[in-house]
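Reader: I am new to this one. Please show me the structure, and then let me ask how you know what you say about it.

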Amino acid sequence: MTPTAASSLIVIPCLNEADHIGALLEQLRPAAARLGAHIIVADGGSTDGTRDIVEEAAAEDPRVVLLANPKRIQSAAINHAVATFGNGAEYLIRIDAHGGYPADYCDRLIEEAQATGADSVVVSMLTRGTGAVQKAVAAAQNSKLGTGGSKHRHMSAGEWVDHGHHALMRIAAFRAVGGYDESFSHNEDAELDHRLRQAGYRIWMSGRTQMVYYPRSTLKGLFLQYLGYGRGRAKNVLKHRMVPKLRQMIPLLVAPVVLLALFSLFDWLAAVPFLLWAAVCLGYGLNTAIRQRNPGVALAGVSAMVMHLGWSVGFWQQLLTSRSQRRAA
């Protein structure tokens, strides 16, 4: 069933989120009623019962809509939702299925958009974990060591920025720049922010609300996630001929340093850069555990190393693959 036009679209891209989607919809439905919004769950083909949960919620509340996302990735999910239901709506609010949000999250976003005149409102993303690995990953992702000091990884008092965690966007601005680039499975938000700024649109980081992110619970999952982030950043750099920021250029050295360490079999000096990097990361984790009196976060240094390595390998992999493809063409 096609819903009537709404003032806002709350879009949730998801895939196999049966453990979270029901509670998230219950939380968002009052906000949708207050704001005259529709909640569009763009599902990429879940097989764990997610679709059944959304359909039950839709049967109770016509503001909830299940939308199939054949392309599966998040960028395509948002584009499809806006193309299908965006006519007449002013705001797009993007919600991550595996995140935590204050009850007034959507209200605050719209209030700040209206107060500042911003075309996009982004938020700080605070990371929290439950198990031992997740807590260590959270400690790394909330630190400058893990994220290089990204503004959206720390609380903000409210400021104009170049990029942040996507939360709200004026649909007119979103459509004017062509929406998300669906060739990006990762880093699509930063890529879109670049085009928004080029077109003269402004991005405001909220000082009134934020979201909570629950990280990967295994080091393998963390590595694969940051492998994708690195590839996405490289695609962004290549597409827009951008120079990476200093905080991004430093992790680029990690993959070469790890490769260099393999030659320590012939000369021990080849291992020195690797040992220095490992000492900094592991020392950071130990220091964090001592300061917080929490032995559980001692693995934060290991988590940071996994993040750095995954990001660096992904970046170089994408860079070298793109160059090979250009030569072949």
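Reader: Which residues of β2 are buried on one side, and which on the other?

Author: This is a predicted model, so everything here is computed from it. On one side of β2, the buried residues are A37, I39, V41 and D43.

Reader: Why is strand β2 called largely enclosed?

Author: Buried means under 20% relative accessible area. Seven of the seven residues of β2 (residues 37-43) are buried, so the strand is largely enclosed by the rest of the structure.

Reader: What makes β1 and β2 a pair?

Author: Pairing takes at least two bridges between two strands. Strand β1 (residues 8-14) is joined to β2 by seven bridges. The two therefore count as paired, and they run parallel. One example is L9, whose bridge partner in β2 is H38.

Reader: How many bridges join β2 to β3?

Author: Five, and these strands also run parallel. The cut-off is at least two, so β2 and β3 (residues 64-68) pair as well. Here D43 stands opposite A68 of β3.

Reader: Which helices form β-α-β units with these strands?

Author: Helix α1 (residues 21-35) forms a right-handed unit with β1 and β2. Helix α2 (residues 50-60) forms a right-handed unit with β2 and β3.

Reader: What makes helix α5 mostly covered?

Author: The count of buried residues does. Seven of the 10 residues in α5 (residues 132-141) are buried. They are Q134, A136, V137, A138, A139, A140 and Q141.

Reader: Why is H194 called buried?

Author: Its relative accessible area is 12%. The limit for buried is under 20%, so H194 qualifies. This residue is found in helix α8 (residues 188-198).

Reader: What is H194 in contact with, leaving aside its neighbours within four places in sequence?

Author: H240 and M242. Contact requires heavy atoms within 4.5 Å.

Reader: Is F263 buried or exposed, and how do you know?

Author: Exposed means over 50% relative accessible area. F263 has 51%, so it counts as exposed. F263 is found in the loop between α11 (254-261) and α12 (272-292).

Reader: Which residues make the nonpolar surface patch of about 740 Å²?

Author: F263 is one of them. Patch residues need over 30% relative accessible area. At 51%, F263 is over that cut-off too.

Key
Residues numbered from 1 in each chain as written. Predicted model: local features only at pLDDT ≥ 70, side-chain atom pairs only at ≥ 80, totals over all residues. Heavy atoms only, no water. Patch = residues over 30% accessible without salt bridge, like charges linked within 9 Å, V, L, I, M, F, W, Y side chains within 5 Å. Areas by Shrake-Rupley, 256 points an atom, 1.4 Å probe, with all protein chains shown as cover. Salt bridge = Lys/Arg side-chain N within 4 Å of Asp/Glu carboxyl O. Helix = DSSP H or I, 4+ residues; strand = E, 2+ residues; numbered from the N terminus. Buried < 20%, exposed > 50% of the residue type's maximum accessible area, 1.4 Å probe, protein only. Right-handed = clockwise from strand over helix to strand, strands pointing away.
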